[in-house]
Amino acid sequence: MATTTQARDSKGRFKHENGFEIGTLGKLAGATAAGAALGVLAMLGRKAAMQASTALAGDWMDGLIAEHQAVLRLFDAIEATDDKAAGRRTMLLAQIRHALAKHAIEEENVIYPALREAGKVEQADALTREHGYVKQYLYELENMPRTGAAFLEKVRKFRADLEEHMDEEEESLFPALRTQLSEEKNALLTKAVNREGFKVA
């Protein structure tokens, strides 16, 4: 059986052939794993914070309405800016984009299918099409200068169309769906909305 000898450094510690002290690689691996674990915990904490207002709102409808209100507050903030605040407008637009993307996933993957299942196929399809226009607005705003009257005009038109979409959901379709479904089914939808939102929060 062949034996290997390991050299010692000036302090008597064993060295690998490549010069690393025995245990150094283990320490590096441990530090890397600890850093990764902290990163995962931070990400989960951020996701939980992003989904908290929806989860704490009560049921799926109350949660989605809370998200609508949060998005409208972002619109309030962007509409309150002037042309000197191009950086702030960019940041707020990114926040609007993220909030609406998360919201769309929740609705498109859970609520709109439930609407179809409940016999509201045309309404669910119309809402899905309207989400396409939301994406179009976001695309146009992302690709135009953040200064000048045209930017805020587009933001205001976007908000008006978005509020019309939200009003239809909040005042008509969502209450009707919630009433039509059993308590158990509403509870399942609430869990599913929170699960979908957490994925992309």
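**Reading a helical model**

Mentor: Start with the surface. The protein exposes about 11,800 Å², and carbon and sulfur atoms supply 58% of that area. Areas come from the Shrake-Rupley method with a 1.4 Å probe; for residues, only the protein chains shown count as cover.

Trainee: What kind of model is this?

Mentor: It is a predicted model: local features need pLDDT of at least 70, side-chain atom pairs count only at pLDDT 80 or more, and totals for chains, interfaces and linings use all residues. Residues are numbered from 1 along each chain as its sequence is written, and side-chain values use heavy atoms, with hydrogens and water left out.

Trainee: How many helices and strands does the protein have?

Mentor: Helices are DSSP runs of H or I with at least four residues; strands are runs of E with at least two; both are numbered from the N terminus. Here there are 6 helices and 0 strands. From the N terminus on, the order is α-α-α-α-α-α.

Trainee: What share of the residues is buried?

Mentor: Buried means under 20% relative accessible area, exposed means over 50%, and partly exposed lies in between (1.4 Å probe, protein chains only). Of the 201 residues, 33% count as buried.

Trainee: And how far along the chain do contacts reach?

Mentor: Contact means heavy atoms within 4.5 Å. Take contacts between residues at least 6 apart in sequence: 70% of them join residues at least 24 apart.

Trainee: How is the length of helix 4 checked, and what span should it have?

Mentor: The expected span is 1.5 Å times one less than the number of residues. Helix 4 covers residues 121-142, so its 22 residues should span 32 Å. Its end C-alpha atoms are 32 Å apart, which agrees.

Trainee: Which residues of helix 4 are buried?

Mentor: First the general idea. An α-helix has 3.6 residues a turn, so residues three or four places apart point the same way. In helix 4, the buried residues are Ala124, Leu127, His131, Val134, Tyr137, Leu138 and Leu141. They cover an arc of only 115 degrees around the axis, which puts them on the same side of helix 4. The arc is that of the directions from the helix axis to the C-beta atoms. Exposed Glu122, Arg129, Tyr133 and Tyr139 sit on the face turned away from the buried side.

Trainee: What covers the buried residues of helix 4?

Mentor: The cover includes helix 3 (86-117) and helix 5 (149-180).

Trainee: How many residues are in the largest nonpolar core?

Mentor: A nonpolar core is a set of buried Ala, Val, Leu, Ile, Met, Phe, Trp, Tyr and Cys residues joined through side-chain atoms within 4.5 Å. The largest has 21 residues. Leu100, Phe151, Phe158 and Leu162 have the most contacts inside it. Helix 2 (60-79), helix 3, helix 4 and helix 5 each give two or more residues to this core. Helix 5 supplies the largest share, 6 residues. Apart from this core lies another, of 18 residues, among them Trp60, Tyr112, Ala114 and Leu181.

Trainee: What does phenylalanine 158 touch?

Mentor: Leave aside its neighbours within four places in sequence. Phenylalanine 158 then contacts Phe75, Leu100, Val134, Tyr137, Leu138 and Leu141.

Trainee: Is lysine 102 buried or exposed?

Mentor: Lysine 102 lies in helix 3. It is buried, with a relative accessible area of 5%. Now its polar contacts. These are pairs of N or O atoms within 3.5 Å; within protein, one must be able to donate a hydrogen and the other to accept it, and residues adjacent in sequence count only if both atoms are side-chain atoms. The lysine 102 side chain pairs this way with the side chain of glutamate 67 at 2.7 Å.

Trainee: Which residue's side chain makes a polar contact with that of glutamate 108?

Mentor: Histidine 131, at 2.6 Å. Glutamate 108 is in helix 3 and is partly exposed, at 26% relative accessible area.

Trainee: Where does methionine 61 lie?

Mentor: In helix 2. Methionine 61 counts as buried, at 6% relative accessibility. Not counting residues up to four places away in sequence, methionine 61 touches Phe174, Pro175 and Arg178. Its C-alpha lies 7.7 Å from that of proline 175, 114 residues apart along the chain. At the start of helix 2, a side-chain oxygen of aspartate 59 reaches to within 3.2 Å of the backbone nitrogen of methionine 61.
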